[in-house]
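Dear colleague,

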Amino acid sequence: MRRLRLGWEATILGLVVVALLVGALLSPDFLTASNLSFLTANFSEIALMVLTMTLLIIVAEIDLSVASILGMCSALLGVLWAARVPMPLAILLTLGAGGLAGLFNGLLVTRLGLPSLAVTIGTLALYRGLAYALLGDRAVADFPPAYTNLGFGTVPGTMIPIPIALFAVLAVITALVLHATAFGRSLYAIGANEVAARFAGLRVERVKLILFVGSGLMAALAGVVYTFRFSSARADNGVGLELGVIAAVLLGGVSIFGGRGSVVGAVAAVFLIGIINGALTIVDVPGEILTIVTGLLLIGSVLVPNLLARVRARRRGREAVG
Amino acid sequence: MTSQTGPDVLAGPPRPGILTRVLRAREFTLALLLLLITLGTAAVNPRFLGVGSVRDLLLNVSVIGLLVVGQTVVLLMRHVDLSVSSVVGLTAFLTGSLFIAVPGLPVPVALLFGLLLGAGLGVVNGLLVAYGRVPALVATLGTLYVFRGVTYAVVSGGQVNASNLPAAFLGFGTGSVLGIPNLVLLVLAIMVAFGVYLGSYRGGREYYAVGSNTDAAVLAGIDVTRRTLTGFVISGAIAGLAGVLYLARYGTVDATAGTGLELQVIAAAVVGGVSIGGGVGTVAGAGIGALLLGVIGSALVTLRAPAFYQQAIQGALLLLAISVDIIVSRRTAQRLQIEGQHHTPQAGTTQTGGPA
């Protein structure tokens, strides 16, 4: 099964290449730096939130409230800026609010022992509500160009969007933490068998709490990026993004039951969805096809390996009989 | 041999009296909470209990109240159906299109059409989960996208308006019998039917068995695969019916109809005491959960809570309900365990309904 999963990551990376080639065949403009730059910038918020969601799902938890934290933090940033708080301080306070929101989720899960699915359905409503309480249906849009450039500008001298550069750095850090530290390995242990992990002396509650705070911080960062990229703070920013984040993580081969998955797979899945999106857009294929393709890929990512394993098992069974 | 073990062991601890059992039931606590909120709000603003506002409230709750029945069936088996919102959108739009194509279509045929279409979509979920061994969260998140994408493709910018719908259908949506709206009566009938089925029939009890302990269910001779498929077909069929009711209630449907309903439905079920860990919960509880969320929402409007604070308050109350429920049920489980040890060891295996 482990080999199968690694095989799935290779498959996803292969599909990314195929999608790029198909895009190039569809339109000569597709593989241009500016187009790739545009289409990757388009999913930078989802990409950021995928990183911490991957870690959470590996320990068999989930955070459905990320898109609401994004919206709440976007609204907060707008309110602070409108109140003439200096921007660096406003950003810090916004990140702090995201961390607190994550801490609240984490405390409900680890101290009260509530299922994270139920908790974060509740905070999904709560944090979105707080976003509306902060900003109502107003929008704050007069952000200084120095900051909005961070949202849709590119790294000087390259065509790499700044949010994607930020994402790349964080992705490398997350991958190192997950795959090269004792903390990272402990996530797999907890996800695979929480009771055994506890007996092995792992501080399960503390690890989970850290991950929920991390998820809140990352959603806040995505909120800052979103606000600058669209140069608009609104309470409804990012509504519904949570399902896109979870879809990308699962498509990347992370098991919903925990204990299995990698940052590489999840990141490759984000790019796959983003590139297919871009390729379909450039040839004017309507967006609904992307919705269908995302759904089919998601189902296929689990169904195909399952069916292959069953076919293989049946063949082996027949050989044994014959 | 069997006569020697006798009825004493099978009976376990003496059953508590009917009053104790009613008082301990989760539905009772919820109903009490419902009553308190209703009376409290009515005390501040008597119009809350006016005929018109109660009618609106019940109509608003009816779609969620119907969906929560199917979701309960699926949740009992420790699965989940996230695709219900997309099923509602697709069936609502296609039923509307059917009315445009066949203007004189009788209402029962429309209901049957939605039911069958939803059941067909449920078969897809059921096959993926039961036979493809795809975890329900992944499978139904996938079909949530696929069904919604199909809806967008079919709708392609258009929408169904009340002017496209026959008067008989709109009349069904707004009509009532003895002052109770038709939609509410239909939803109540389905709730009662499923409540009885899940509580008292072998097939219904099997859903609890599958969710409580799948291995034990297999050993008990339950065809878990088929039961799972049936559960998703039921959830899909009910969502299809809900789509038709959605059309009847709102008259106007575009490609986004029903978006986001899935989380409200799961929230209602969880508040109503259906455990996402499987095996625990009743349709009555889930229905009261849906009603409670609806009443809280409309009470906030009646009490003139600032519009922008309402969602936050609802979220906080939802969290409170979940937390209190878990703490109370854990206490109850502990107490039952202690009592069980006192009387007979067999009773110690009470289902706790703890975290998933």
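**Helix packing within chain A**

In this predicted model, α3(A) and α8(A) are in contact: Ser44(A), Ala47(A), Leu48(A), Leu51(A), Leu55(A) and Ile58(A) of α3(A) meet Pro163(A), Ile164(A), Phe167(A), Leu170(A), Ala171(A), Thr174(A) and Leu178(A) of α8(A). By class, the residues of this contact comprise eleven nonpolar, two polar and no charged. The axes of α3 (residues 44-58) and α8 (residues 162-180) of chain A come within 9 Å and cross at roughly 10°. Because angles under 35 degrees count as roughly parallel, α3(A) is roughly parallel to α8(A).

**The interface of chain A and chain B**

The two chains also meet one another, with 43 residues from chain A and 40 residues from chain B taking part in the contact. Between them, chain A and chain B bury about 3,500 Å², of which 81% lies on carbon and sulfur atoms. On the chain A side, the most area is lost by Ile121(A), Leu243(A) and Ile299(A), which together account for 15% of what that side buries.

As to polar interactions, there are zero salt bridges between chain A and chain B, while six residue pairs are in polar contact across the interface, both residues being at pLDDT 80 or more.

On the side of chain A that touches chain B, α5 (87-110), α6 (116-135), α12 (241-251) and α14 (287-321) of chain A each supply at least two residues. Of the elements on this side, α6(A) gives the most, with 14 residues. The residues of this side divide into 29 nonpolar, nine polar and five charged.

With kind regards

Terms used. Residues are numbered from 1 along each chain as its sequence is written. Chains are lettered from A and ligands numbered from 1 in the order in which they are written. This is a predicted model: local features need pLDDT of at least 70, side-chain atom pairs count only at pLDDT 80 or more; totals for chains, interfaces and linings use all residues. Side-chain values use heavy atoms; hydrogens and water are left out. Contact means heavy atoms within 4.5 Å. Buried area is the accessible area (1.4 Å probe) that two parts lose on being put together, summed over both. A salt bridge is a side-chain nitrogen of Lys or Arg within 4 Å of a carboxyl oxygen of Asp or Glu. A polar contact is a pair of N or O atoms within 3.5 Å; within protein, one must be able to donate a hydrogen and the other to accept it, and residues adjacent in sequence count only if both atoms are side-chain atoms. Helices (H or I, at least four residues) and strands (E, at least two) are DSSP runs, numbered from the N terminus. Ala, Val, Leu, Ile, Met, Phe, Trp, Tyr, Cys and Pro count as nonpolar, Asp, Glu, Lys and Arg as charged, and the others, Gly among them, as polar. Axes are lines fitted to C-alpha atoms, for helices over the stretch in contact, and angles run from 0 to 180 degrees between N-to-C directions. Angles under 35 degrees count as roughly parallel, over 145 as roughly antiparallel, 65 to 115 as roughly perpendicular and the rest as oblique.
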